[in-house]
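Colleague: I am new to this structure. Please take me through its salt bridges.

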Amino acid sequence: MPKIDFKSTAIGALSVAAIALCVNAIGARDDDALLARIKAEIKSEVSAGVSQGIKDNPKVLVETIQAYMQSEQDRQARDRDQQAVAQKAEIARTEGLPFIGNPDGTIHLVYFFDANCIYCKRMDPVLTQVVAENPDVKIIHREIPILSETSRLAAQIGNVVWQFHPDKYRDLHDRFLAHEGALTEENIEDYLKLVLGSENSETILARARNPEDDAVHRANDRIKGNLRLATEAGVNGTPFLYVVQGDGIVRGAGENAHEQVTSLVKKARETVR
């Protein structure tokens, strides 16, 4: 049997693959030995064609790998978003949690963050702007201290302040998130004193240092609940924002964060009309 001559290019290889399917389809009517020989030659031509195609244009291989990696990342992101939507009822169960914005707002944004996260520090002023521009928005805080011990301390202090001085919570939160770099214990105590004054801040710190304090127990339970829910909802980084009305999701804090959040708020508003 004469050697089959196919072009040794990626296109030629795809053509060979198509012929292989045809050979398989008619295989039941052909001699087994002849069929095996044809298949072997086709396999050889496919391999040679693909190899030569890569040698002639290696950029094609790089672009193919990059496209595959991007498609996998997109698929994983969609899966995580579906995971979050599946936990919507729990995410939206926000009674008793700290919040900023309109307490009676009809648009609820649930915000997962860490006080030491540099991207949360970028997102925070965006959310402040969104609240100022949209009086029907309420942003509920689900703090998830995942970066350091001072992240946990800031979350604990913030939650205790929310229980006893809710009117001071936002000021303290803003100072924590506006701090450049990672917070230290000294930073946290200093900001607490600036917001509450010396006497009240000492009372809060004394509670925070007492592991038997009921307020500390409540704060720790909230933090544990937030961390558990983040895992169940596929929140694998901060900041993470879930717009309850309309199931809008924002991961990270890109340059277009304000546009993203504003667009989701508008979409959410349409669902509650």
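Modeller: A salt bridge here is a side-chain nitrogen of Lys or Arg within 4 Å of a carboxyl oxygen of Asp or Glu. The model is predicted, so local features need pLDDT of at least 70 and side-chain atom pairs count only at pLDDT 80 or more, while totals for chains, interfaces and linings use all residues. Residues are numbered from 1 along each chain as its sequence is written, and side-chain values use heavy atoms, with hydrogens and water left out.

Colleague: How many salt bridges does a search of the whole structure find?

Modeller: Side chains of opposite charge can pair when their charged atoms come close. Searching the whole structure for such bridges gives nine.

Colleague: In which helix do Asp174 and Arg170 lie?

Modeller: The side chains of Asp174 and Arg170 form a salt bridge, N to O, at 3.9 Å. Helices (H or I, at least four residues) and strands (E, at least two) are DSSP runs, numbered from the N terminus. The two residues are four apart, about one turn of the helix, and both belong to helix H7.

Colleague: How many residues apart in sequence are the parts that Arg251 and Asp81 tie together?

Modeller: A salt bridge joins these side chains at 3.0 Å, N to O. Arg251 is in strand E5 and Asp81 in helix H3, so the parts tied together are separated in sequence by 170 residues.

Colleague: Is Arg209 buried or exposed?

Modeller: Buried means under 20% relative accessible area, exposed over 50%, and partly exposed in between (1.4 Å probe, protein chains only). Arg209 has a relative accessible area of 55%, so Arg209 is exposed.
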